[in-house]
Amino acid sequence: MNEKNSLLAEFEGVVSGHRDGHGFVIRDDGQADIYLPSNEMRAVLHRDRVKARIVRTDRKGRPEGRVTEIVERADAPIIGRLLHESGVWLVAPEDKRYGQDVLIPKGATGSAKTGQVVVVELTEPPALYGQPVGRVKEVLGEIDDPGMEIEIAVRKYSVPHEFSDAALAQARSLPDHVRTADHKNRVDLRDVPLVTIDGEDARDFDDAVYCEPAKVGRGKGWRLLVAIADVSHYVETGSAIDVDAYDRATSVYFPRRVIPMLPEKLSNGLCSLNPGVERLCMVCDMLITAKGDIHAYQFYPAVMFSHARFTYTEVAAILQNTRGPEAAQRKGLLPYLINLHDVYGALLTARGVRGAVDFETVETQIVCDESGRIEKIVPRTRNDAHKLIEEAMLAANVCSADFIGEGKHTGLFRVHEGPTPEKQETLRNYLKAMGVSQTLSDKPHPSEYQRIAAATKERPESQQIHSMLLRSMSQAIYTPNNEGHFGLAFDAYTHFTSPIRRYPDLLVHRVIKAILVGKRYQLPVLPTPGEAHAKLSKRLASRAKPASDVPAKKPSADILAWQAAGLHCSANERRADEASRDVEAWLKCKYMREHLGEEFSGVVSSVTSFGLFVTLDSMYVEGLVHITELGGEYFRFDEARQELRGERTGIRYALGSRVQVQVSRVDLDGRRIDFRLVTGDEDLTLRAMRDKNGAEPTPGVPASKSRRSRSGDAAPRDRTKGSAAGESAGAPAKSSGRRSEPKRTDRGGSRSAAGKARKTRR
């Protein structure tokens, strides 16, 4: 398209507002976003669907547009605080991307009082010369009420948080225990000492494990049983509970609270593999060789009896000292735990041979008091018990993917593509700039990532190098098109192990059951996908492979239905992560308000053209040191090296640089913490001056005044982060306590109201 035609063309997309008043149109065709200056944003709101025309290129080289038509107004409610100023009632949106306050007529405030957090329904949209008008639909309470951050997040991200009356009625009609009739056509495993191993604060238990030595072929090996709660027995396709579960697609975990995918009677009761009671389960029964290869497997429905509820801490202590007091208390089950540890060692060996990515990163847990206030943020250590369960779940997920493939049945795979060419090039440039001799080939294998990680493990900046490796990877999605899992180095992988909290796992169970009886599972008629689905679909389309000369075969209706289900589940998984991160950011901001003016040591965790993001050593909280705080000179952003370099002194701030900062500002509404640089790493200054002219300034004394970077933005803006192997990377660490598979390749997160970690997020 020539330049003249491009100026006449109209492009449709969704408005994404910015807290500074301007915005962008995220185009449906996946091309570059269209910048909307603040005057163009007056007549539209964040999330509106519009048509826009590109009118020019702005000084930053961005296509700048003008809105020509508002196709559809966003129907999401607006959450904010009710204010009374100069005789006028208005609501200041909590999400600053909306850019303007909502006027509330006198009779439309309901029972809300000044300062309270309310949900607003728009009655009049904004116009070029008029603010939006609305009415108070719901009063959430005071801004400092315990749990207010969660109430805001579930509405802000449109997370379904109330079950339908039909679903609740159906849940009440379910039995309280497993009935004798339910044993029909099931293998009786009640005498097998299956056990659960979870976090201390776990409330639902959807997997149990058992291991014994076995002869595999002509050699020694193990028989490993992974028993998963049989949710599909109680949640029938198309039932009221099923409709609600699909709508949610996943449970959402916040510190001290969980919004479950299933009603509590199922999630914490009938489907949870609680100790000392009979439960229905689906079993993946595997034979593992001494080298950790899966020699054979079978799936079958069973009835089980959990012989114990272990915690990770307890199992780790037992394995560390099999003659200690913890082991003595579990003497009857000790041999089976040792077997589990032995098979874990074999599976770990196979993982290394396979070349799966395995980065060690710091995960944190938010510890709250009874009122929901953060008491502390602590690092979480993954011990052998975490890793043992992780490898067992991975093995069962691989078997389920293979079983669906061998059964020639459509299903949802967990697909993690390799890095895009653009991200590969960025990573290569960074590794070269950092003096890392290892690099990526044109078609990288995950083992190459692992080699780089191993080679840089002892370097001072290893955490930052590993972070860059993570950011270069794509996000994992659910799709019926099996393209393997790059991070885990599996040819086929799916999710089977958590049907209590993930809808894709429930679908996988249904498909496996259908194959076992020689039938095909038919998806129900699914609701129309929402905004999250549309956003993810656009993102995937933008990175689609170039079309070949051979016309593509039109997908069948069955494949299209599974593709829609995969997109829906993937998008709602992202939504859950965003809501969780939003709540954690709120809590951290409230926490840091109590430390205004205090000084802390930290490390540079990210470098941008507008400043440095620093993570505090003792707090594990991240904040921004804006470029105007770095000293009285120009700083140039070197993207390849991921550093800011002063043009006069040559001082460099890069990933891993140690600094001393002061908490200068906390913006609770904007979820932002600002730091002021007190001193940088003295070695940085000394080294920079020696490189320049041999002079050595007074250590630790920054320049008194500062100026902006020539290549950076003049004002702070939203931080854009890369993506992790299998999930989005660079995001704030989850407040978690249960298992992940692991954060390095398909990150987990919190699972209980107290912050229980998600299982098998891969």
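In this predicted model, the protein chain has an average pLDDT of 84, and 84% of the residues score at least 70. Two segments fall below this level of confidence. Over residues 1-5 the pLDDT stays under 50, and the model places two contacts beyond four places in sequence for this segment. The pLDDT also stays under 50 over residues 693-762, for which 318 contacts beyond four places in sequence are present in the model. Where pLDDT is low, the predicted coordinates should not be read in detail.

The protein chain contains 19 helices and 31 strands. Of its 762 residues, 56% are buried. Among contacts with a separation of 6 or more, 68% join residues 24 or more positions apart.

In soluble globular proteins, nonpolar side chains tend to be buried together. The largest nonpolar core in the model comprises 95 residues, and within this core Ile197 and Leu224 touch the most other members. Helix α11, spanning residues 384-406, gives the most to this core, with 11 residues. Beyond its neighbours within four places in sequence, Leu224 is in contact with Tyr210, Cys211, Cys284, Asp285, Met286, Ile288, Leu340, Val343, Leu347 and Ala392. Another core, of 68 residues, lies apart from the largest one; Met473, Ala576, Tyr591 and Phe600 are among its members.

The number of disulfides in the model is zero. Cys399 is in no disulfide, the nearest cysteine sulfur being that of Cys284 at 4.0 Å, whereas a disulfide requires sulfur atoms within 2.5 Å. Cys399 has a relative accessibility of 1% and therefore counts as buried. Cys271, also at 1% relative accessibility, counts as buried too.

Helix α14 covers residues 462-471, and nine of its 10 residues are buried. The buried set in α14 consists of Ser462, Gln464, Ile465, His466, Ser467, Met468, Leu469, Leu470 and Arg471. Helix α15 covers residues 503-516, a total of 14 residues, and extends 20 Å from its first C-alpha to its last, close to the 20 Å expected at 1.5 Å a residue. Of these 14 residues, 12 are buried. Tyr503, Pro504, Asp505, Leu506, Leu507, Val508, His509, Arg510, Val511, Ile512, Ala514 and Ile515 make up the buried set of α15. Just after α15, Gly518 adopts a positive phi of about 75 degrees.

The loop between β23 (477-479) and α15 contains Asp491. Asp491 has a relative accessible area of 72% and is therefore exposed. With its neighbours within four places in sequence left aside, Asp491 is in contact with Asn482 and Gly484. The C-alpha atom of Asp491 is also 8.8 Å from that of Val398, although the two residues are 93 residues apart along the chain. Ala489 is found in the loop between β23 and α15 as well. Ala489 is buried, with a relative accessible area of 17%, which is under the 20% limit for that class. Its backbone has a positive phi of about 60 degrees, although Ala489 is not a glycine.

Most residues other than glycine have a negative phi. A further exception is Arg256, which is not a glycine and has a positive phi of about 75 degrees. Arg256 is located in the loop between β15 (252-254) and β16 (257-259). At a relative accessible area of 36%, Arg256 is partly exposed, a class that lies between 20% and 50%.

A loop between two strands also holds Ser657, which is placed between β29 (652-654) and β30 (658-667). Ser657 has a relative accessible area of 8% and so is buried.

Key:
Residues numbered from 1 in each chain as written. Predicted model: local features only at pLDDT ≥ 70, side-chain atom pairs only at ≥ 80, totals over all residues. Heavy atoms only, no water. pLDDT = per-residue confidence, 0-100. Contact = heavy atoms within 4.5 Å. Buried < 20%, exposed > 50% of the residue type's maximum accessible area, 1.4 Å probe, protein only. Helix = DSSP H or I, 4+ residues; strand = E, 2+ residues; numbered from the N terminus. Expected span 1.5 Å × (residues − 1). Core = buried A, V, L, I, M, F, W, Y, C linked by side-chain atoms within 4.5 Å.
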